[in-house]
Amino acid sequence: MNAAPPDQARRAQLAERLGQVRERIETACQRVGRDSAEITLIGITKTYPASDAELLLELGLRDLGENRDQEAKVKAAAVPNARWHFVGQLQRNKANSVAAYADVVHSVDRPELIVALERAAARYQRTLDILVQVSLDERPDTGVLGPRGGVIPTQVQALARQMEPCRWLRLRGLMAVAPRDSPAMPAFSQLSALSKKLRVEYPMANWLSAGMSGDMEDAISCGATHLRIGGALLGKRAQG
Ligand SMILES: *Cc1c(COP(=O)(O)O)cnc(C)c1O
């Protein structure tokens with residue numbers, strides 16, 4: 001990837017969208033009496049070029065995220081001064097790669113991932129902030145989980161316990177994606193209750209990663225501390 005001259009039109013567009021997203025956050029916070037300073041906006045740059053990630057960083061957005069290792073490692077190498085969040089489903093054999101550039105992994109949902117990430121983080125001597133991804137897709141009628149990863153709520157505690165002796169993994173909280181075909185609000189309230197419960201034993205686990213372009217207001221009203229925003233910042237994606 002060659003450094004193209006910065007595209008002034010694109011910069012202006014990203015600046016405008018960033019302003020709009022920050023305004024939505026501010027308004028949503030005011031409505032529920034929260035301070036927007038407690039919210040971290042993560043720009044999800046998937047499918048967009050590293051030059052966009054660089055522009056967002058220049059515009060003052062320090063936290064960026066990706067959902068696929070292949071794409072993430074290229075952008076993280078191109079934009080090393082950002083704080084990189086890995087938010088996608090993670091295969092165990094990618095743990096080594098992800099631990100090299102990610103500061104935060106939002107999608108831990110299996111015991112073997114914890115083992116693999118701890119080993120990888122130890123190798124690089126990098127501490128990783130970890131969120132346990134919870135599936136809010138469970139259909140009570142079938143008990144079948146949705147396709148997007150996450151543990152069922154009753155498994156959260158077990159993963160938290162497994163992380164206790166980990167030297168390089170720091171449990172910071174929970175992450176979830178709203179269900180695809182039901183309203184976000186009940187799911188986010190459920191997530192918020194799970195978070196409260198987790199914090200009784202793990203007070204440090206006070207991050208709540210919830211809220212995307214379409215549902216950030218609901219997430220904020222349910223206590224989200226980390227918003228993962230793609231489309232509203234970068235534009236509509238064809239897919240992904
Ligand atoms: C793509 C993605 C986002 C961003 O979604 P938008 O609707 O574009 O804001 C957030 N979280 C995860 C896990 C994603 O894969």
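Is Gln-125 buried or exposed? Select it and see: at 60% relative accessibility, Gln-125 counts as exposed (that label means over 50% relative accessible area, buried means under 20%, and partly exposed is in between, using a 1.4 Å probe and protein chains only).

Before moving on, some ground rules. This is a predicted model, where local features need pLDDT of at least 70, side-chain atom pairs count only at pLDDT 80 or more, and totals for chains, interfaces and linings use all residues. Residues are numbered from 1 along each chain as its sequence is written, and side-chain values use heavy atoms, with hydrogens and water left out.

**Stop 1**

Helices (H or I, at least four residues) and strands (E, at least two) are DSSP runs, numbered from the N terminus. Gln-125 has a positive phi of about 55°, yet it is not a glycine. Most residues other than glycine have a negative phi.

Now pick Thr-47, in the loop between strand 1 (40-44) and helix 2 (50-58). Its phi is positive too, near 70°. Thr-47 is partly exposed, with a relative accessible area of 43%.

**Stop 2: helix 5 against helix 6**

Select residues 111-124 (helix 5) and 156-163 (helix 6): they pack at an angle of about 25°, with their axes 10 Å apart. Axes here are lines fitted to C-alpha atoms, for helices over the stretch in contact, and angles run from 0 to 180 degrees between N-to-C directions.

Show side chains next: Pro-111, Ile-114 and Val-115 of helix 5 meet Leu-159, Gln-162 and Met-163 of helix 6, where contact means heavy atoms within 4.5 Å.

**Stop 3: helix 1**

Jump to residues 8-31. Helix 1 has 24 residues and reaches 35 Å from first C-alpha to last, close to the 34 Å expected at 1.5 Å a residue (the expected span is 1.5 Å times one less than the number of residues). Its buried residues include Leu-14, Leu-18, Val-21 and Ile-25. What do the buried residues of helix 1 pack against? Look for strand 1, helix 2, helix 8 (216-221), strand 8 (226-229) and helix 9 (231-234).

**Last stop: Ser-192**

Finish in helix 7 (residues 184-201), where Ser-192 lies. Ser-192 is buried, at 14% relative accessible area. Leaving out residues up to four places away in sequence, Ser-192 touches Arg-199, Leu-208 and Cys-222.
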